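Please look over the sequence and the 3D structure below before reading the notes. The notes are arranged by topic.

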Amino acid sequence: MMHRVVWLETGQSFDVEPGEAVLAAAQRSQIELPHECQFGGCGTCRVRLVEGRVGYESEDNETGELPMGLNPEEAEAGYALACQARPASDLVISVAPPLACSSPTRLRATVESVQPLCADVTHLRLCLPEDAGLVFRPGQYMNVQLPDGRHRSFSMASRPDGNRVDFHVRRIPGGTFTDRQLATLCAGQTLDVEMPHGSFCYQARDERPLLMVATGTGLAPIKSMLEALMDDDDCPPVSLYWGMRTEADLYLDDEIRRWADRLYEFRYVPVLSRAGSDWTGRRGHVQDAVLADLPDLSEHAIYLCGSPAMIADAKTVFARHGASMDHLYADSFVFQAH
Ligand SMILES: Cc1cc2nc3c(=O)[nH]c(=O)nc-3n(C[C@H](O)[C@H](O)[C@H](O)COP(=O)(O)OP(=O)(O)OC[C@H]3O[C@@H](n4cnc5c(N)ncnc54)[C@H](O)[C@@H]3O)c2cc1C
Ligand code: FES
């Protein structure tokens, strides 16, 4: 049976065919719901069900189990993942419309520099064509097109400013782009990219203290957002927790410490999971360090970025400590098979 979906914030509505997912139906009607991976992994397409019920049964999910990007607490609290959810009734959904920015555009970018930041992270600076005229928001990402038609995603690590854009690329051993292609890339070469993508952006309307939690190169979009907040009178208090394995991995430690001069009430806490004996800072998992310091998260706007495992765990444990799912944003660096 066909079901009708109404998007509360925009008043737009669309029909969903039997067996069709909410996101696919919205796209068929040219309605832009936030999304990224489209396979239930990243959680970006999460909507709140104001009215109605959904299920997750499909050809690929015969038992109807919850997708990886949605935990039972979120489902219990009335959230659904639009890319996987099939309506079981008419629906009213609620999610903030994407912030204004350019539509994803194919460009030929020129490599300006490729520099190591630490053993397995490279700083890649691209120069976009002068006439690209793109408007992108801090926290968004680009897709690098591979010669075989697939793509790989990387978040912008600098604030939108002119036509230069920075990226932090972690080498995945044996990886098509991050190992093989990046190793041969040098200044002057070009890359075909598509940008901007994504809805992991700073939400000024929250007016709450910021808790930013990153693992690894998940720092990149958070750096982009925080750079845009520097010297801004409206910058809320900021706590940044950065999870890495060893001290040598903290590739931006000195620079981050200097951000305290330009951000309001800035706290920075690096957390190492495999620290050497000399390390006097925090140890363990980054989400546990957050809870040790901030047992009540009910007042924060929370931004999570990096490993899917950290994000899944942080969402669950932060919810138990009062975090509001309406003010929690996540960008999961899910693996890309296509
Ligand atoms: C929205 C988004 C933004 C991202 N932003 C960044 C960023 O700013 N910086 C960054 O370093 N990465 C980022 N990533 C992750 C990055 O896209 C992947 O690491 C990259 O696609 C790997 O490509 P590859 O061609 O080198 O590896 P592939 O050839 O695709 O993979 C090689 C092998 O490694 C596994 N693998 C792939 N990715 C990962 C991973 N992330 N961790 C562990 N194993 C993996 C694959 O399953 C495969 O077995 C982002 C991902 C997404 C979805
Ligand atoms: S777009 Fe739905 S979980 Fe990623």
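Predicted model: local features only at pLDDT ≥ 70, side-chain atom pairs only at ≥ 80, totals over all residues.

Residues are numbered from 1 along each chain as its sequence is written, chains are lettered from A and ligands numbered from 1 in the order in which they are written, and side-chain values use heavy atoms, with hydrogens and water left out.

**Around ligand 1**

- There are 21 residues around ligand 1, and those that come nearest are Arg152, Ser153, His168, Arg170 and Thr178. A residue is near a molecule or strand if one of its heavy atoms lies within 4 Å of it.
- The side chain of Arg152 has an N or O atom 2.7 Å from an oxygen atom of ligand 1.
- Arg170 has a backbone N or O atom 2.7 Å from an oxygen atom of ligand 1.
- For Thr178, a polar side-chain atom lies 2.6 Å from an oxygen atom of ligand 1.
- Ligand 1 exposes 910 Å² when taken alone, and the protein buries 81% of that. Accessible areas come from the Shrake-Rupley method with a 1.4 Å probe; for residues, only the protein chains shown count as cover.
- Two or more residues of the shell come from each of strand 11 (151–155), strand 12 (164–170), helix 3 (176–184) and strand 19 (328–332). Helices (H or I, at least four residues) and strands (E, at least two) are DSSP runs, numbered from the N terminus.
- Strand 11 gives the most to this shell, with 4 residues.
- By class, the shell has 8 nonpolar, 9 polar and 4 charged residues. Here Ala, Val, Leu, Ile, Met, Phe, Trp, Tyr, Cys and Pro count as nonpolar, Asp, Glu, Lys and Arg as charged, and the others, Gly among them, as polar.

- An open sheet has 6 strands in the order 11-10-13-8-9-12, with antiparallel pairing. Two strands pair if DSSP finds at least two bridges between them.
- Strand 11 and strand 12 are the edge strands, each pairing on one side only.
- On average, neighbouring strands of this sheet are turned by 40° against each other, direction ignored. Axes are lines fitted to C-alpha atoms, for helices over the stretch in contact, and angles run from 0 to 180 degrees between N-to-C directions.
- Strand 9 and strand 12 run antiparallel and are joined by 7 bridges. Leu124 has Phe167 in strand 12 as its bridge partner.

**His123**

- His123 is in strand 9 (residues 121–127).
- His123 counts as buried because its relative accessible area is 16%; buried means under 20%, exposed over 50% and partly exposed in between (1.4 Å probe, protein chains only).
- The side chains of His123 and Asp166 are joined by a polar contact of 3.4 Å. A polar contact is a pair of N or O atoms within 3.5 Å; within protein, one must be able to donate a hydrogen and the other to accept it, and residues adjacent in sequence count only if both atoms are side-chain atoms.

- Another open sheet has 5 strands in the order 2-1-7-3-5, with mixed pairing. Its edge strands are strand 2 (13–16) and strand 5 (79–81).
- Strand 1 (residues 3–7) and strand 7 (residues 91–94) run parallel, joined by 3 bridges. Val6 has Val92 as its bridge partner in strand 7.
- Strand 3 and strand 7 run antiparallel, also joined by 3 bridges. Glu51 stands opposite Val92 in strand 7.
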